[in-house]
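Here is a friendly walk through one protein model, from its sheet to its cores. Please have the viewer open as you read.

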Amino acid sequence: MTASAPTPQDLLKIAVEVAREAAATAHRMRAEGVSVAATKSTVTDVVTAADRAVERQVLAALRTLRPGDAVLGEEYGAGETGPAAEDGVRWIVDPIDGTVNYLYGLPYCAVSLAAEVAGEVVAGVVRNVATGEEWTATAGGGAWRDGQRLRCSAETDLGQALVATGFGYDAGRRAHQARVVAELIPQVRDIRRMGAAALDLCLAAEGRVDAYYEKGLAAWDLAAGGLVAREAGLLVTGLSGRPPGPDLVLAAPPALHEPLHTRLAALDASGGP
């Protein structure tokens with residue numbers, strides 16, 4: 001970062017302001033009633049009118065506050081901003097992570113917003129739409145919730161680990177993921193599937209689950225929550241030396257990462273459709 005570039009703290013301040021307003025809009029629209037606007041990968045992979053409205057609100061706010069920056073969003077892709085300059089800022093937004101939970105009124109959905117500089121995520125916020133819980137992180141500055149610095153689980157025994165995961169919407173992928181879970185669950189304390197990747201990563205960051213893995217995450221699922229997890233001490237990787245990404249994301253404390261990685265690799269967790 002050059003001397004004139006915004007600091008991670010500057011970017012986080014903007015992210016928090018924008019995410020709070022976006023979460024308030026999502027909360028209000030949920031109270032008014034949810035309408036399905038479209039579907040994506042399958043008929044069960046829905047987009048609500050609120051997803052689109054919230055992302056448009058975020059885009060508009062960022063154009064006002066940071067007019068030269070690029071934005072990558074789940075609903076509108078690169079939107080109207082174009083690509084980031086090589087050393088520029090790119091914002092990565094998931095307007096409502098956990099859309100099916102949002103549709104059903106389950107209190108496990110969030111606005112996720114991260115700032116990336118020169119390809120590295122340096123600031124991020126995840127805000128639960130239903131509860132107002134908010135997790136933040138900056139690169140090198142730690143992960144936080146409600147003024148409390150977060151540390152990941154100190155669990156060292158995989159057999160005692162509570163592991164979160166998620167499933168895709170494609171039937172073939174879900175079948176493969178179900179086989180992985182069926183083989184893994186006897187080897188851990190239990191499995192949790194809550195339906196919002198960004199929040200799963202944040203819960204792992206504060207030890208409310210011990211570890212998390214999932215296949216099929218996009219950049220907007222991972223960016224802010226992944227930074228929160230890393231800054232809380234989790235190792236956030238893919239399998240077999242690959243970086244975290246669509247093939248697989250594994251977030252685990254150092255003591256659990258190797259044994260969980262070994263089992264997921266043996267189960268071909270990054271395979272299938």
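In which sense do β13 and β14 pair, and over how many bridges? They pair in the antiparallel sense, over 3 bridges. Strands here are DSSP E runs of at least two residues, helices are H or I runs of at least four, and both are numbered from the N terminus; two strands pair if DSSP finds at least two bridges between them.

A word on the basis: this is a predicted model, in which local features need pLDDT of at least 70 and side-chain atom pairs count only at pLDDT 80 or more, while totals for chains, interfaces and linings use all residues. Residues are numbered from 1 along each chain as its sequence is written, and side-chain values use heavy atoms, with hydrogens and water left out.

**The sheet**

β13 and β14 belong to an open sheet of 5 strands with mixed pairing, in the order β11-β10-β12-β14-β13. β11 (190–193) and β13 (235–237) stand at the edges with a single partner strand each, so one side of each has no neighbour in the sheet. From one strand to the next, the twist averages 20°.

Two of the pairings look like this:

| Pair | Sense | Bridges | Opposite residues |
|---|---|---|---|
| β13 and β14 | antiparallel | 3 bridges | Val-236 and Ala-251 |
| β10 and β11 | parallel | 4 bridges | Leu-162 and Asp-190 |

Helix α5 packs on the sheet, touching β10, β12 (211–214) and β14 (contact means heavy atoms within 4.5 Å).

**The cores**

The largest nonpolar core has 38 residues, and Val-236 is among those that touch the most other members, as are Trp-135 and Tyr-212. Such a core is a set of buried Ala, Val, Leu, Ile, Met, Phe, Trp, Tyr and Cys residues joined through side-chain atoms within 4.5 Å; buried means under 20% relative accessible area (1.4 Å probe, protein chains only). Elements that give two or more residues to this core include β5 (110–117), α6 (219–231) and β14 (249–252). The largest share, 8 residues, comes from α5.

Which residues does Val-236 contact, leaving aside its neighbours within four places in sequence? They are Leu-222, Gly-226, Ala-229, Arg-230, Pro-244, Val-249, Leu-250 and Ala-251. Apart from this core lies another, of 32 residues, including Leu-12 and Val-16.

**Helix α2**

Among the buried residues of α2 are Val-54, Val-58 and Leu-62, and also Asp-51 and Glu-55.

Note on methods:
Buried means under 20% relative accessible area, exposed over 50%, partly exposed in between (1.4 Å probe, protein chains only). Axes are lines fitted to C-alpha atoms, for helices over the stretch in contact, and angles run from 0 to 180 degrees between N-to-C directions.
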